Amino acid sequence: MANVQYYDREGQINLTQTIEAVKERLSLGDVTTVIVFTGNGTGALQAAEQLVNTHVLAVTFSWVRRGDSVGGIQDESVRQALAEKGIRIIEGNLPFDEIIIPDARDPKITAIEYTLDLFGGGMSLCVQAVIMATEQGLLEPSKDVIAMSGDTAIVATPARKSTMFSPYDGMEIREIICKPRHLTLVRKPKYEA
């Protein structure tokens, strides 16, 4: 196994390097599925174009509007291009999204998300993408997969949200392929000073 690749900062700017790191890890031949967390679908499309002979799944937000931002793959040409490449799009609420109750948060979910954010925002997205694909019945719980975002990639054993911490069939993050060293998005105030 190769060493972990580190980036100077978080974000989509690392996508090309992340795909290359995933490609290198795939060359070992023991993992054949890559789950790409993508905001607008272009990251999954780019990964599919470069990761030939690999089963690629795209995981994204539901089509929602929150204030001025819109989540999910909106562009029909991107959806069509993904379909032409045989890439299944998994859309939905993220497993760690809160149920909106004014002035109330679930401390368990918050703790999980904050803990994963210690590795960078992409780690939480990778874990949630694996959970979403598993809950759709697209992953075998005993078969390792690679999950990636724009700046993070891991090898993980899939699990559902309800069994994520099970000592018998819970999720395992077996390897970190790449991640940002400096958390310039989740710890943005620290890096703006």
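1. Let's start with two helices. The axes of H4 (residues 107-117) and H5 (residues 121-135) approach within 6 Å and cross at roughly 125 degrees. H4 and H5 are therefore oblique to each other. Please keep in mind that this is a predicted model.

2. Which residues make up this meeting of helices? On the H4 side they are Glu-113, Leu-116 and Asp-117, and on the H5 side Gly-121, Met-123, Ser-124, Val-127 and Gln-128. Sorted by class, the contact of H4 with H5 has three nonpolar, three polar and two charged residues.

3. Next, have a look at Thr-60, which sits in strand S3 (residues 55-61). Is Thr-60 buried or exposed? Its relative accessible area is 0%, so Thr-60 is buried. A polar atom of the Thr-60 side chain lies 2.7 Å from the backbone oxygen of Thr-38.

4. The surroundings of Thr-60 are worth a click in your viewer. Leaving aside neighbours within four places in sequence, Thr-60 is in contact with residues including Phe-37, Thr-38 and Gly-39, Gly-72 and Ile-73, and Ile-89, Ile-90, Glu-91 and Gly-92. Met-132 is also among the contacts of Thr-60, and its number falls in the range of H5 (residues 121-135).

5. Finally, the cysteines. The structure holds zero disulfides.

Technical notes: Residues are numbered from 1 along each chain as its sequence is written. This is a predicted model: local features need pLDDT of at least 70, side-chain atom pairs count only at pLDDT 80 or more; totals for chains, interfaces and linings use all residues. Side-chain values use heavy atoms; hydrogens and water are left out. A disulfide is a pair of cysteine sulfur atoms within 2.5 Å. Helices (H or I, at least four residues) and strands (E, at least two) are DSSP runs, numbered from the N terminus. Buried means under 20% relative accessible area, exposed over 50%, partly exposed in between (1.4 Å probe, protein chains only). A polar contact is a pair of N or O atoms within 3.5 Å; within protein, one must be able to donate a hydrogen and the other to accept it, and residues adjacent in sequence count only if both atoms are side-chain atoms. Contact means heavy atoms within 4.5 Å. Axes are lines fitted to C-alpha atoms, for helices over the stretch in contact, and angles run from 0 to 180 degrees between N-to-C directions. Angles under 35 degrees count as roughly parallel, over 145 as roughly antiparallel, 65 to 115 as roughly perpendicular and the rest as oblique. Ala, Val, Leu, Ile, Met, Phe, Trp, Tyr, Cys and Pro count as nonpolar, Asp, Glu, Lys and Arg as charged, and the others, Gly among them, as polar.
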